[in-house]
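Hi everyone, thanks for making time this morning.

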There are 2 protein chains.
Amino acid sequence: MKIIDGKKISNQIKDEIKKEVDSLIASNQKVPHLAAVLVGEDGASLTYVGSKVRSCKQVGFDSTLIRLPSTITESSLIEEIDKLNNNKLIDGFIVQLPLPKHIDEEKILMAIKPEKDVDGFHPTNFGKMALNMDTFIPATPFGIIELLKRYNIETSGKHTVVIGRSHIVGRPISILMNSKREAGDSTVTVVHSRTKNLEFYTKSADILVSALGIPEFVKASMVKNDVVIIDVGITRVEDSSNEKGYILKGDVDFESVKNRASYITPVPGGVGPMTIAMLLKNTLLSKSLSKDK
Amino acid sequence: MKIIDGKKISNQIKDEIKKEVDSLIASNQKVPHLAAVLVGEDGASLTYVGSKVRSCKQVGFDSTLIRLPSTITESSLIEEIDKLNNNKLIDGFIVQLPLPKHIDEEKILMAIKPEKDVDGFHPTNFGKMALNMDTFIPATPFGIIELLKRYNIETSGKHTVVIGRSHIVGRPISILMNSKREAGDSTVTVVHSRTKNLEFYTKSADILVSALGIPEFVKASMVKNDVVIIDVGITRVEDSSNEKGYILKGDVDFESVKNRASYITPVPGGVGPMTIAMLLKNTLLSKSLSKDK
């Protein structure tokens, strides 16, 4: 069994990005600039955004954090987004989710200019991805593809089973791995809450991608020998023995499944760290695309 | 075994559309107007477009056929598309594919205003579909969904196997049937040219959608009893005994498979006739959306 070390790979990617930034600086060009919009005071959101901003510094990007009160109206938020859409210094931006309940997330998403949507959540970008056109790929599935590539894991002709059909992980990774592309050409099955006889599918998986959010749901008895396990789940589970009061658990019962798997991502340290690295990669891509225009 | 009668259902849908057009006329409103752009003289394309125009007449729509020479430049074609984008009398239009080789189909697709893209091929519409937002659904998968609904075929929790991952059939139908929606909630597997051990998947299918284009590829031995068969394939096969010199064959060996199936679409007369009916439905939808604006 081999551990897929997402932390190591994400650091490699950040180093690669930093080198590109250094060469931009050396040739007197503007460095990429990522902005993040954070509405309200949600603790987890603050942590995520904070870590995105720190990662920008790490690779030499400029970054801007725009904090707005949770009482902001939908139309004022759209005005803020329009400023970012029109600000030529900003290469890409994200609006941290979730948003307060009085704001329609779909409307906000639609207000973002696709050319700056480095999260890849706008329908135009999602559609381009599904139609195999060049675009921003959402960070988490993009990170999974990158892990498969860098560990030389064969996907062509393999049976990939994806647990979950969310718009940010399950659906895009199922489309990407089914497409004619690197780390693609898989036979893909998507299972979900309505699936009957789930184990029939998971047991036939050569590659199992779990993006469900139920801690330790996948047991050794549900997979076959030499399966490749990509565990996207990350749930806080209470643990008084830990000073934070919780520990992070994946969808996969790591201790039992690892002995069956040929490759497995740990939680934390697997898919998680890749997400920010791929967001930075999308921002760099946006910068180089705007230069070409 | 029950035959899924696409011809009958498509006529029902056309009747329903005609009634809506009649009530528009009765209240002095403009009827929907579909335009079709045909570049060159390809025989099959002429037949398809001709039949779309005739169907418009049948339901009381206005229609415009714009014929352009195969020598037209890409930029002149984009100018023609822009005229249609800006023509307030046109509710929707299609550009008949394939286009001459010197024209980049992707560029043409991107030039169509998503609000008038009644084929549902533009990435913005495709992305909206994949993200479960309201939009135009491509006619062939839309027709399949409609057949499943009108025959009350249960899809939730069933294993749907889709053969083929094309952008106009395989990919969209796999997304739709996997989504939380009517005729959705299936566990979906997409198999394709790179799939190993294809029969393992087809034999476990409760619903088999074949969009491959190889005549009589699916044999009785490849499916289980009571399977629902949706045959999207339609290939001309030489047949000197027929006055046209060819007959149409589906992907499924109908004579052998029909005895195993609980439901089956014939070729011709199954999915085929639904395509134009759903294009008309999209045009009607576009008309009513533009009224709401």
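**A walk through the sheets and the contact**

Let's start with one pair of residues: B:A35 stands opposite B:F93 in β4(B). A word on where this comes from: it is a predicted model, so local features need pLDDT of at least 70 and side-chain atom pairs count only at pLDDT 80 or more, while totals for chains, interfaces and linings use all residues. Residues are numbered from 1 along each chain as its sequence is written, and chains are lettered from A and ligands numbered from 1 in the order in which they are written.

For the element names, helices (H or I, at least four residues) and strands (E, at least two) are DSSP runs, numbered from the N terminus. Two strands pair if DSSP finds at least two bridges between them.

Back to our pair. Strand β2 (residues 33-39) of chain B and β4(B) run parallel, joined by 4 bridges. They belong to an open sheet of 3 strands in chain B, ordered β3-β2-β4, with parallel pairing. Its edge strands are β3 (62-68) and β4 (92-95) of chain B, each pairing on one side only. On average, neighbouring strands here are turned by 15 degrees against each other, direction ignored. Helix α2 (residues 43-59) of chain B lies across β2 and β3 of chain B, at about 165 degrees to β2(B). For such angles, axes are lines fitted to C-alpha atoms, for helices over the stretch in contact, and the angles run from 0 to 180 degrees between N-to-C directions. Contact means that the C-beta atoms of two residues, placed from the backbone, lie within 7 Å.

Now the other sheet. In what order do the 12 strands of the open sheet run? The order is β1(A)-β11(A)-β8(A)-β7(A)-β5(A)-β6(A)-β6(B)-β5(B)-β7(B)-β8(B)-β11(B)-β1(B), and the pairing is mixed. At the edges sit β1 (2-3) of chain A and β1 (2-3) of chain B, each pairing on one side only.

Where the chains join, strand β6 (residues 187-191) of chain A pairs with β6(B) in the antiparallel sense over 3 bridges, and A:V188 stands opposite B:V190 there. Moving into chain B, strand β5 (residues 159-163) and strand β6 (residues 187-191) run parallel with 5 bridges, and B:I163 faces B:V191 across that pairing.

On the chain A side, strand β7 (residues 207-210) and β8(A) pair in the parallel sense over 4 bridges, with A:I207 opposite A:V228. β8(A) also pairs with strand β11 (residues 263-264) of chain A, parallel, over 2 bridges; here the bridge partner of A:V228 is A:Y263.

In a regular strand the side chains alternate between the two faces of the sheet. Strand β8 (residues 228-231) of chain A is covered on both: A:V228 and A:I230 on one side, A:I229 and A:D231 on the other, all buried. Buried means 20 or more other C-beta atoms within 10 Å of a residue's own; 12 or fewer is exposed, and in between is partly exposed, with C-beta atoms placed from the backbone.

Why does B:S204 count as buried? Because it has 20 C-beta neighbours inside 10 Å. B:S204 lies in the loop between α8 (198-202) and β7 (207-210) of chain B. From B:V161 it is 43 residues away in sequence, yet the C-alpha atoms are 8.3 Å apart. B:V161 is also among the residues that B:L208 touches, not counting residues up to four places away in sequence.

Last topic, the contact between the chains: 26 residues come from chain B and 26 residues from chain A. On the chain B side, α5 (123-130), α7 (170-178) and β6 each give two or more residues. α5(B) gives the most, with 7 residues. That side divides into 9 nonpolar, 10 polar and 7 charged residues, where Ala, Val, Leu, Ile, Met, Phe, Trp, Tyr, Cys and Pro count as nonpolar, Asp, Glu, Lys and Arg as charged, and the others, Gly among them, as polar.

How many of the residues of α5(B) are buried? The count is 8 of its 8, and these residues pack against α5 (123-130) and α7 (170-178) of chain A together with α7 of chain B. After α5(B) comes B:N132, whose phi is positive, near 65 degrees.

Thanks, and over to you for discussion.
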